[in-house]
Amino acid sequence: MTKRLRHFLVPLDGSRLAEVVLPTAYDLAAACDARITLLHIIEHDAPATVHGEPHLDNVETADAYLAAVAHREQRTGVPTTTHVHTNPAHDVARAIGEHAEELGVDLIVLATHGRGGLRGLLFGRIAQQVLHHTATPVLLIRPVEGEAAPTLRRGPIVVPLDGTPAAEAALPLAQALAAATGTHLHLVRVVPTVQTLTTGRDPAATFTPIATAALLDLEETAARDYLAEVADRGTGGVPTTTEVRRGEVAAELAAAVTDSEAGLVVMATHGRAGISGHLAGSVATRLLSRLDRPLVLTGADGR
């Protein structure tokens, strides 16, 4: 049975940058028949202003702000509650994670940068730290300066895979999102080329390019077989397509998202260790910097 997403947590710091997530969060919540909790964390020793906007450093101001946002979003029909973390927090990521666990939410929605404790919300920092403190999936949206807040696109959901069970942990969540939004999954695996390995300073690719090329061609064939096997294994009744691309992983994943006109990308992460397997290291960071669509990170247990 496909899992259901019933409750989203949206941390806000009072800035317009953080609010960029609201159209997508409410669009997705409406599609999932979910409710939203708007959260503000009172920070310890917070600056008075950032980006020329007053900081929400007291409960009364924060309550009024969240209430105004909830009132503004009434038109969506999505049930909304608000909560202010009143005890000044030294660790905003931990506080977000703890609230996610306490409230039993199914998804945390964050901008990739904001203000106050969220001002460092660049992937690999607060976002990874939130994943460290909770098994709850995190949906990241990258604001683009000068552009309107994005709404949810009704395209397929791209799931990058690398052949490992850890990466496949993203599938249940991706299935749930696809079922709710009435779209299909697009499974993508990227196989390097000799050129990308050489650029990455792989010694074998540099000194044995012909042999490396032959091995990579075999890997491409194996990758196609693997994706077909994953699709045949079943994806919760959700229609599924597959694609193998060649080149640099982040660049090709971004191209797959654009070419397929995807609405979301869903990837698995270990939280502490970062993205698993072939998707390890800075791939998610580089991918996020190229995306104009939300990236959802879920834990290795598929929550």
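Glu220 touches Val191, Val244 and Arg246, leaving aside residues up to four places away in sequence. This is a predicted model. Glu220 is part of helix α9, which covers residues 209-233. Is Glu220 buried or exposed? Its relative accessibility is 18%, so Glu220 counts as buried. The cut-off for buried is under 20%.

**Confidence**

The chain has a mean pLDDT of 83. Of its residues, 82% reach 70 or more. Over residues 114-124, pLDDT stays under 50. The model still gives residues 114-124 46 contacts beyond four places in sequence. Over residues 271-281, pLDDT also stays under 50. For residues 271-281 the model has 30 contacts beyond four places in sequence.

**Helix α3**

Helix α3 runs over residues 92-103. How far apart are its end C-alpha atoms? They are 16 Å apart. The helix has 12 residues, and at 1.5 Å a residue these should span 16 Å, so the two values agree.

At the start of α3, look at Asp91. One of its side-chain oxygens comes to within 3.2 Å of the backbone nitrogen of Ala93. Ala93 is itself one of the buried residues of α3. After α3 comes Gly104. The phi of Gly104 is positive, near 65°.

Which residues other than glycine have a positive phi? Asp33 is one, with a phi of about 55°. Glu261 is another, with a phi near 55°.

| Residue | Phi | Loop between | Relative accessibility |
|---|---|---|---|
| Asp33 | about 55° | α1 (22-32) and β2 (35-43) | 56% |

Asp33 sits in the loop that lies between α1 and β2. With 56% relative accessibility, Asp33 counts as exposed. The cut-off for exposed is over 50%.

Glu220 lies in helix α9 and is buried.

Methods
Residues are numbered from 1 along each chain as its sequence is written. This is a predicted model: local features need pLDDT of at least 70, side-chain atom pairs count only at pLDDT 80 or more; totals for chains, interfaces and linings use all residues. Side-chain values use heavy atoms; hydrogens and water are left out. Helices (H or I, at least four residues) and strands (E, at least two) are DSSP runs, numbered from the N terminus. Buried means under 20% relative accessible area, exposed over 50%, partly exposed in between (1.4 Å probe, protein chains only). pLDDT is the predictor's confidence in each residue, from 0 to 100. Contact means heavy atoms within 4.5 Å. The expected span of a helix is 1.5 Å times one less than its number of residues. A polar contact is a pair of N or O atoms within 3.5 Å; within protein, one must be able to donate a hydrogen and the other to accept it, and residues adjacent in sequence count only if both atoms are side-chain atoms.
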